[in-house]
Amino acid sequence: MRKDLGKKALLYPQPVLIIGTYNEDKTPNAMVAAWGCVNDFDKVTICIDKTHKTMDNIKANKCLTVSMATAANIKQLDYLGITSGHKVADKFAKSGLSAVKSKKVKAPIIKELPLTLECKVLSYDEETELLYTQVVGVSADESILNAKGKVDIKKLCPLCYDPEGHGYYALGEKIGNAFKDGKSIK
């Protein structure tokens, strides 16, 4: 028997994204976003509330970094998500994380996060609060790359968010082969 859960956008997994920006005084800032998706080969869309300090920074600088959260820094990353940059000006410094300048956009790369998309703003819709970005570069720590220089998802171990249970989960084991396993049905 199935139960009606109402109108909810329950799609799993929801990536835990860390959005990096610079404040007007050039200090790093970051926030957590769970509503983000790929919408083209080089484009990412993220829902960001217009009242966030991070959104103020994005509007001012027209760029941002987007990193996948990983289990190694879950407490620091959750702190970034539950603390307002409007109320705690040095929340990034207080988190204990460290930043380096991106070479491609005016936004910080968080050193502890091994995969970062460097993005420029295409547009922001004030009504829907959807931010449309173009990826202009991707940087990856060599520790998450396989022998062919590609991202190894098991080494990255990205986190997902459970909107119903408010939990963070690491992606699991590989269980199949895309574009191959279904051929046996043909």
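Colleague: How much of the chain counts as buried?
Modeller: Of its 186 residues, 37% do. Buried means under 20% relative accessible area, exposed over 50%, and partly exposed in between, with a 1.4 Å probe and protein chains only. This is a predicted model: local features need pLDDT of at least 70, side-chain atom pairs count only at pLDDT 80 or more, and totals for chains, interfaces and linings use all residues. Residues are numbered from 1 along each chain as its sequence is written, and side-chain values use heavy atoms, leaving out hydrogens and water.

Colleague: Which helices and strands are there?
Modeller: The chain has four helices and 12 strands. They are DSSP runs numbered from the N terminus: helices are H or I with at least four residues, strands E with at least two.

Colleague: And why call it as compact as a globular protein of that length?
Modeller: Because its radius of gyration is 17 Å, close to the 16 Å from the globule rule for 186 residues. The radius is taken over C-alpha atoms, and the rule is 2.2 Å times the number of residues to the power 0.38.

Colleague: What span does the C-alpha trace have?
Modeller: About 60 × 45 × 30 Å along the principal axes.

Colleague: New topic. Where is the cis peptide bond?
Modeller: Between Y12 and P13, with omega about -5 degrees. P13 sits in the segment before β1 (14-15).

Colleague: What about phi of E129?
Modeller: It is positive, near 60 degrees, in a residue other than glycine. E129 lies in the loop between β9 (115-125) and β10 (130-140).

Colleague: Is E129 buried or exposed?
Modeller: Buried, at 16% relative accessible area.

Colleague: And F179, buried or exposed?
Modeller: Exposed, at 82%. F179 comes in the segment after β12 (167-170). Its phi is positive too, about 65 degrees.
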